[in-house]
Amino acid sequence: MFGTGGGLLEYRASLLAGKGFAVLALAYYNYEDLPKTMDILHLEYFEEAVNYLLSHPEVKGPGVGLLGVSKGGELCLSMASFLKGITAAVIINGSVANVGGTLHYKGETLPPVGVNRNRIKVTKDGYADIVDVLNSPLEGPDQKSFIPVERAESTFLFLVGQDDHNWKSEFYANEACKRLQAHGRRKPQIICYAGAGHYIEPPYFPLCRASLHALVGSAIIFGGEPRAHAMAQVDAWKQLQTFFHKHLGGQEGTIPAK
């Protein structure tokens, strides 16, 4: 799953399908009859997708894997925390707090973490830098937005760009790790990439250093240095495939980038 741009993006799913995985690319807003905004999301919709995959004859089971980037990564954390049938989850620069709208599931509600737009900075090129805009989910009422990852039975892989300017991805990955271990859960794998920005794509995709952000309403910087980011994309693609093969019942091994 992808981030706040909405719609249905299938290129990463199709590339993984070409590697032998049974994959479902899931849109969750701003597509056909889905809601036009993500102000209110219901996890029951995502649960239906999980159950569909689990019942599909081409899916081995007993669980499925999740892969999400940005808001999609955050939603994968929520799915793994609330839903059954999740065996492995790869979170690419995701948040450990619910962001941008209210999340509901069977009578439980996660409010969005607070935002302070006064913390927006402007680069010399005129782009907004929003890395400090979100409140800490460790303090005050914003603690209610912290995704209860301690409930998850999944194994996690966090892929982190250390030059991410969308939000503090490394901080979020480390806080998720602390919460999981404090509750006796398996320690997640965290791989950090120096010089990599927010959108860690499959290998050889161009670096998206800045673009329009749907929630901010203006162009923001996403970070990343071209060479370091490109190298991170090659390695991340190998790492996530190896992780899924290991934890979804396939063969463990390193997968070529191409």
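Here are some notes on the model above, arranged by region.

1. **Ground rules.** This is a predicted model, in which local features need pLDDT of at least 70, side-chain atom pairs count only at pLDDT 80 or more, and totals for chains, interfaces and linings use all residues. Residues are numbered from 1 along each chain as its sequence is written, and side-chain values use heavy atoms, with hydrogens and water left out.

2. **The sheet.** Let's start with the open sheet of 4 strands, which has the order β2-β3-β8-β9 and parallel pairing. Its edge strands are β2 (64-69) and β9, each pairing on one side only. From one strand to the next, the twist averages 10°. Strands here are DSSP runs of E with at least two residues, helices are runs of H or I with at least four residues, and both are numbered from the N terminus. Two strands pair if DSSP finds at least two bridges between them.

3. **A closer look at β8 and β9.** These parallel strands are joined by 5 bridges. Phenylalanine 158 has isoleucine 190, in β9, as its bridge partner.

4. **Helix α3 on the sheet.** Helix α3 (residues 71-82) packs on the sheet and touches β2, β3 (86-92) and β8. Contact means heavy atoms within 4.5 Å. The direction of α3 makes about 150° with that of β2; axes are lines fitted to C-alpha atoms, for helices over the stretch in contact, and angles run from 0 to 180 degrees between N-to-C directions.

5. **Helix α4.** With 14 residues (169-182), α4 reaches 20 Å from its first C-alpha to its last, close to the 20 Å expected at 1.5 Å a residue. That expected span is 1.5 Å times one less than the number of residues. Its buried residues are Ser169, Tyr172, Ala173, Glu175, Ala176, Cys177 and Leu180, and what covers them includes β8 (155-161) and β9 (189-193). Buried means under 20% relative accessible area, exposed over 50%, and partly exposed in between (1.4 Å probe, protein chains only). Just after α4, glycine 184 takes a positive phi of about 75°.

6. **Backbone spots to check by eye.** Most residues other than glycine have a negative phi, and most peptide bonds are trans. Serine 70, in the loop between β2 and α3, has a positive phi of about 60° although it is not a glycine; it is buried, with a relative accessible area of 4%. Asparagine 30 also has a positive phi, near 60°, and sits in the loop between α1 and β1 (40-42). Asparagine 30 is partly exposed, at 38%. The peptide bond from glycine 61 to proline 62 is cis, with omega near 5°, and proline 62 is found in the loop between α2 and β2.

7. **The largest pocket.** About 870 Å³ of space lies in this pocket. Its lining has 41 residues, of which Ala22, Val23, Leu24, Leu53 and Gly65 lie nearest its centre. Strand β2 gives the most to the lining, with 5 residues.

8. **Lysine 144.** This residue is in the loop between β7 (128-129) and β8. Lysine 144 is exposed, with a relative accessible area of 62%. Leaving aside neighbours within four places in sequence, lysine 144 is in contact with Leu110 and Pro111.

Notes. 1 Å grid on protein atoms, 1.4 Å probe; cavity = no way out; pocket = protein on both sides within 12 Å on 5 of 7 lines; lining within 4 Å. Points joined across faces, edges and corners; volume = space filled by probe spheres on them.
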